[in-house]
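Please look at the sequence and the model together, and follow the chains with the numbering at hand as the paragraphs below move from one part to the next.

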Amino acid sequence: MEALRENEAEEKEEEKKAFKISDELQDLEEKLSKIQVHIPNMLDCPIEFDWSSIDTSQLPASYKINSAKEKMMLHIAANFCRQYTHLCPDRKELFLHPLNECGVEKFVSTTVRPTLLPYPELYNWDGCARFVSDYLTMEPLPNPIEPPSCLFSPTTILKYQRGNCFDFSMLLCSLLIGVGYDAYCVYGYATREMCMMDETREVCPLLKKSKETVKEKTEKYAVKPPRDLRSKFELQQAAKKEAEIQVAKQKKQEEEEERIMEAEKPKPDSLYGLRVHAWVLILSGKREVPESFFIDPFTAKSYSTTDGHFLGIEALWNHVNYWVNMQSCLNGCKDLIFDLGNPLRWEFMLLGADKPLLLLPNEEEEEELADEDLDNLDKEEEEKGSDMPPSWVEPIQISLKEFETRCPQGKKVIHYKKAKLEKWAPYLNSNGLVERLTVFEDQDCTKVLEVRQWFKNREDLLEMRQVNKITEVTTEYFSPGHVLGLKAHVYKSTNPETERTMEFYNETRVDGLQKRVENACEMTEYFVGRSDFLYYRHTNFGKRTKRAQILVANPDQIKECFHRNLEKPANEDVVERIFMISEERILLTYHLQENYITASKREFIKRADVDNKGNKIIMTPDMCLSYQVGSSQEDKKLIHLYKMMLKLMEEEKHLKHQVWESGTEVLEILKIREEEEGASKLTVSIYDTERNEKGKKQREAMERQMQEERQRQDEQDLDYLAPFIIQMGNIEKMTKWQALRLKEDCLTDFKYRLIDKANIIQVRFEKETQELQKKQQWYQQNQLSMTVEDEEAYITYCSDAMFRIRILEMRLNRHKETAPQKYIALEEKLCKDPRLSEYLKLYA
Amino acid sequence: MSRIYDTIEPNVIDQEMLQKAVEEQGPQEEAGQLAKREGIDFKDVTELQLDFRNILKIDNLWQFANLTKLQLDNNIIEKIEALGSLVHLVWLDLSFNNIETIEGLHALVKLQDLSLYNNRISKIENMDTLQELQIFSIGNNNLTSLENVAYLRKFSKLRTLNLAGNPLCDNEQYSMFIAAHLPDLVYLDFRLVDENTRELAEIKYQYAIDELKQGEAQALAKLEEEQAKQKELDYHKAAYVEYLNGPFLFESMYAEDAEANKLAYLPGIPDLLETYRNKFESVCEKLFAYGLEQYEKRQAEVSTFYKCLQEALAANQEQGTKIILEFENQNVGLLEVVQDTSSFDIAETKLAKYNDDIIQLSDTLMTLEMQTVDQLEEIIKDFERNIADLVSTFIENVQGMMAQCRDLENHHHEKLLEISINTLEKIVKSEFEEEIPDDVRMLFVDKDTIVNAVNASHDIHLLKIDNREDDIITKANSWQAAVIEEVHKNEMARNRSRVKEINQYKDHLQKELDNLESLEPVE
């Protein structure tokens with residue numbers, strides 16, 4: 001027993017561990033991903049996918065055989081290839097008809113399957129490219145200096161979510177042509193970084209900063225600077241010295257930079273210029289593309305056609321034709337001209353469609369396009385009468401779920417220069433994390449500088465969190481709509497009374513608060529767009545005691561700044577007021593008048609209300625020191641000053657309260673944040689039919705209800721003949737006699753049932769009556785010796801029994817009335833029954 | 001209503017009454033004590049109540065320049081007067097008086113609430129300027145004509161009206177008429193004007209109202225058109241080329257020229273005149289376009305100058321403020337420290353240093369000012385030169401074009417003379433066959449007469465052209481002088497006020513210091 005118990009305990013512990021493990025799965029995943037960092041060489045990737053093992057049996061016939069037209073095409077291609085090798089014996093063999101997944105030769109142009117998918121994100125080239133690069137896992141070419149021997153259909157590639165650069169390009173090209181771009185697959189040469197999708201030397205696009213341009217202009221009547229009265233010689237000497245130091249510094253800096261550059265330079269590539277790559281070219285013209293450009297399908301980035309990463313082009317093709325580059329690629333792609341109609345530069349394979357011109361579909365076609373896009377595309381191509389056979393590939397289909405999940409298993413990692421970017425599908429992580437960028441200090445990615453996380457669909461509207469690992473400062477950004485209009489929150493720790501900055505969406509707040517900066521003994525608030533022109537409030541707390549609420553209510557000094565209110569004269573418009581609460585002083589500074597350099601000032605000193613003789617002091621001139629600009633000491637009357645002071649004192653009280661409110665607001669926000677962070681709930685759009693649990697339930701309930709309704713209806717028109725037909729067995733060959741018999745049976749059965757029912761009611765009725773009679777007899781016998789309660793019980797029983805009897809009587813009577821009617825109705829129904837009617841008609 | 005004069009002594013508004021009223025209605029409690037000690041200036045009073053005082057004549061209120069609310073109800077005032085200086089008045093109560101006509105309110109443009117309840121007014125009038133009026137009470141008066149109420153249509157902000165107790169209320173159309181004619185009115189005789197009545201009224205008076213509206217719209221359109229025209233003309237005048245875009249000058253040349261009109265009857269003259277006129281007009285048009293162009297140029301020049309001046313001044317202001325701020329930051333708390341220190345010597349040295357600092361500050365600011373004056377002087381000189389250049393080119397070109405006009409006139413004159421003499425010869429030889437009026441024939445008596453006539457016409461024309469030229473040149477020159485003078489004047493004023501400011505600030509600082517020193521021995 002003991003041992004058993006121990007075992008049980010161990011098991012429980014193990015269970016607990018298992019829970020813990022599942023909790024820590026996230027962390028583990030992260031760790032694993034970090035481990036992968038050290039083996040960026042994709043060639044050594046441990047999970048090698050075996051393409052030969054894929055199941056091709058389910059694929060349609062067009063994948064397995066060639067149609068007559070396709071055979072013709074292959075023939076032409078072979079001919080073209082022969083001529084080409086004869087004319088240009090030095091060049092590499094063309095990439096014309098590789099094997100597909102079923103081992104059948106297919107011409108590359110027919111592998112392109114222009115498709116329009118129903119997702120708005122895929123309507124533009126950048127969206128398409130991003131999708132392709134996210135959705136597929138990159139595989140390097142089996143031989144980096146040769147094109148692959150086989151090229152699979154885009155559908156297969158999509159199914160297994162992996163492929164090489166050719167697969168990427170074919171899929172992307174299919175999508176781009178589908179949405180109307182003039183896109184081509186390009187087969188050529190590129191640098192190692194491009195071929196290997198090695199972005200470790202690129203700066204992460206999320207880290208790039210936009211440059212600001214500063215403009216300065218000089219005016220005609222600008223004043224000249226005052227004359228410089230210093231010695232020119234001395235200045236020159238000083239400048240010389242300065243310059244020398246500067247030069248030395250610069251030299252040092254340059255050296256340093258050079259050293260860094262050297263360190264960052266990639267190792268020389270022995271296969272430079274030989275590495276085969278495939279990418280996509282988009283020509284200008286269609287879809288308002290102003291200038292031709294390349295898209296690298298791995299990274300979804302666009303490059304100009306003169307970019308140095310692309311080292312040469314062998315050939316390019318789309319779904320209608322194939323062109324071989326006849327221009328020199330000594331200079332990379334810089335000198336290439338993409339006028340495909342020029343046979344000197346581009347050798348085309350099919351004559352019919354030399355340069356694909358911009359086809360303006362007439363209105364009819366356009367309408368059709370809108371109606372039935374996919375099928376129409378095929379038809380159109382056929383109608384064009386080009387020699388190219390229609391694509392053998394099935395239409396590309398991507399379900400909504402697959403589209404949303406994006407990356408294989410919903411996760412993707414990209415390495416950049418000193419940075420790592422991880423992506424997740426929305427709703428994959430329970431805290432809504434969709435992207436995480438880790439910035440490192442060094443090239444080897446060991447020391448973390450900064451982590452940025454992007455979230456989606458969070459209930460607390462958290463959009464991004466940035467953690468600086470050096471200063472330990474966390475910055476959180478929120479979308480509009482958070483409680484109290486919170487926009488950003490910068491903090492070191494979530495404890496109250498520590499350093500923090502909160503930014504707000506000031507448009508949504510009544511007080512127009514934009515920012516609140518806080519530390520242990522200070523609080524600064526910035527406002528925007530207030531009707532009282534306040535834009536800045538600084539509160540100084542003297543010594544902080546422990547409890548926040550108490551101290552916040554006792555500020556030491558409050559300073560407020562105002563913008564100019566143009567309705568008041570500058571001399572009466574306060575720019576700054578300082579309430580020195582502990583010193584019992586109030587300082588006012590007014591706005592500067594036009595062309596004045598000194599501002600009016602006023603200082604109120606609150607004194608004891610009682611003077612040394614015990615008289616009440618109301619206001620004396622020395623309680624207010626003022627400096628009035630412009631006017632020669634024309635003091636305001638004391639009464640005005642007194643009124644002003646009263647008002648200011650009122651304001652002071654109000655301000656104290658305001659400050660206290662601000663403090664409590666901070667605490668409240670912190671509390672709310674803590675709760676939200678603990679819960680980390682995700683929101684689901686009501687339009688999201690997959691994830692909206694409530695909607696789903698409702699829909700399911702409705703479906704269930706519908707089904708029940710249907711069932712009930714089925715029951716209602718119950719087949720009353722069924723049991724008899726079963727008894728009789730075969731009904732197909734029913735004789736007239738049998739039909740009659742069936743009808744009779746059915747009717748008799750019904751009659752018996754009616755009689756039974758009547759009998760049952762009768763029996764019950766009699767029973768009730770008998771019981772009542774018995775009770776009545778018993779009552780009469782014991783009437784004298786009965787208590788009041790018993791009597792009452794008897795009376796209630798009697799009335800109940802009478803009620804029941806009456807009901808039964810009524811039911812019986814009604815049954816008697818309706819039974820014949822029901823019988824007749826059934827007879828009629830039977831006569832009209834399709835199974836019996838023909839027999840019975842004869843009988844009738 | 002009206003009181004009997006015999007029983008009550010009429011009163012006048014005098015200093016004593018005002019003083020008393022102000023004190024009674026002024027600040028109370030502590031503030032009141034203060035106010036009593038200091039006395040209240042009438043110009044600081046914003047509200048005044050002078051009711052039940054048997055005042056017969058409004059007077060002596062001119063001192064209350066900032067009054068916003070004035071109550072003169074329940075007196076025996078007969079005439080609205082002496083309120084012209086109370087331009088800030090928002091609320092005026094003249095109810096329960098003996099007023100017979102509305103008058104003397106035209107200066108009270110800010111008036112929002114006017115009560116004339118219980119008077120003897122028989123006509124609503126003389127209120128055109130009270131565009132801010134929101135509440136108007138004129139109940140218990142002698143108003144008889146409903147049409148007169150339509151006068152209130154011009155007050156677009158009027159929301160509340162009280163007419164109860166007037167003879168016109170007996171008219172059964174009364175409420176309908178008011179609702180229709182004053183559609184923005186919310187309350188009539190203390191009651192909400194309900195939607196139902198308004199709709200009914202609208203239907204009933206639709207035609208009348210439409211007519212009224214159309215008339216108003218037309219008047220408005222006319223006014224706008226006139227304003228636009230006036231604006232255009234002002235613009236042309238500013239460019240000194242008014243009326244030069246048409247035949248105005250040419251016509252003015254012939255307007256006072258009787259001889260030319262007579263000569264026009266001669267054969268060949270109308271054609272000649274026509275070509276002359278066309279050529280002359282085209283020159284005028286050219287002049288006009290040139291004038292506008294030059295005007296724009298001058299304006300642009302001036303605005304550039306002022307913009308630069310503003311920038312320079314802003315920079316200077318910033319610099320000055322910075323210097324002062326630095327000074328203040330340096331010496332903040334110094335006085336307190338000096339007060340607190342026990343050692344007399346330290347305090348003394350510190351104060352001495354502070355004094356030096358003040359003088360230094362004032363010197364720095366003065367230097368800055370001198371420097372600014374130099375800088376500004378330079379750009380003002382530039383500006384002056386440029387403006388002078390602009391104006392002189394303008395004048396030269398105008399003179400050139402005017403010379404063209406004169407050439408045309410001379411040419412025309414020669415032709416005219418030639419034809420005239422030819423005609424004279426023909427008449428002398430009796431070869432002239434055409435009919436001409438007698439007074440024209442009178443000219444052709446002898447050669448002198450006709451030559452004189454033609455010359456007289458020519459002189460008139462030249463005079464007109466000269467006048468116009470002189471006009472443009474004088475105006476341009478005076479503009480130049482005015483602009484330059486204004487710039488100099490502004491600069492001078494600025495410089496003076498700055499020097500004064502610096503001195504004042506210095507005095508202020510030193511006074512503070514003196515106060516401290518005088519306190520010290522005591523403490």
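In this predicted model, helix α5 (residues 125-135) of chain A has as its buried residues W125(A), C128(A), A129(A), F131(A), V132(A), S133(A) and Y135(A). A residue is called buried if 20 or more other C-beta atoms lie within 10 Å of its own, exposed if 12 or fewer do, and partly exposed in between, with the C-beta atoms placed from the backbone. Helices (H or I, at least four residues) and strands (E, at least two) are DSSP runs, numbered from the N terminus. The partners against which the buried residues of α5(A) pack are α7, β4 (276-282) and β5 (293-296) of chain A.

Some words on conventions belong here. Residues are numbered from 1 along each chain as its sequence is written, while chains are lettered from A and ligands numbered from 1 in the order in which they are written. Because this is a predicted model, local features need pLDDT of at least 70 and side-chain atom pairs count only at pLDDT 80 or more, whereas totals for chains, interfaces and linings use all residues.

A nonpolar core is a set of buried Ala, Val, Leu, Ile, Met, Phe, Trp, Tyr and Cys residues joined through C-beta atoms within 7 Å. This core has 68 residues, and those with the most contacts inside it are L172(A), C173(A), L176(A), C185(A), V186(A), V280(A) and L316(A). If neighbours within four places in sequence are left aside, L176(A) is in contact with W125(A), C128(A), Y181(A), A183(A), V280(A) and I282(A), where contact means that the C-beta atoms of two residues, placed from the backbone, lie within 7 Å. A second, separate core has 44 residues, including I80(B), M127(B), L133(B) and V149(B). In soluble globular proteins, nonpolar side chains tend to be buried together.

Is M388(A), in chain A, buried or exposed? M388(A) is buried, because 26 other C-beta atoms lie within 10 Å, and its place is in the loop between α11 (373-384) and α12 (400-405) of chain A. Although M388(A) and K69(A) are 319 residues apart along the chain, their C-alpha atoms are separated by 8.1 Å. Apart from neighbours within four places in sequence, M388(A) is in contact with M73(A), S109(A), T110(A), H319(A), V320(A), N321(A) and L350(A).

Q161(A) is not a glycine, yet has a positive phi of about 55 degrees; Q161(A) sits in the loop between α6 (154-160) and β2 (162-163) of chain A, and counts as partly exposed because it has 15 C-beta neighbours inside 10 Å. F190(B), which is not a glycine either, has a positive phi of about 65 degrees. The loop that holds F190(B) runs between β9 (187-188) and β10 (191-192) of chain B, and F190(B) counts as exposed because it has 10 C-beta neighbours inside 10 Å.

Turning to chain B as a whole, its secondary structure comes to 13 helices and ten strands, and 22% of its 523 residues are buried. Among the contacts in chain B with a separation of 6 or more, 52% join residues 24 or more positions apart.

How do the helices of chain B pack? The axes of α9(B) and α11(B) come within 11 Å and cross at roughly 180 degrees, where axes are lines fitted to C-alpha atoms, for helices over the stretch in contact, and angles run from 0 to 180 degrees between N-to-C directions. The crossing angle is why α9(B) is roughly antiparallel to α11(B), since angles under 35 degrees count as roughly parallel, over 145 as roughly antiparallel, 65 to 115 as roughly perpendicular and the rest as oblique.

Finally, there is the contact between the chains, which takes 28 residues from chain B and 21 residues from chain A. On the side of chain B that touches chain A, α9(B) gives the most, with ten residues. The predictor gives the complex an ipTM of 0.72 and a pTM of 0.64.
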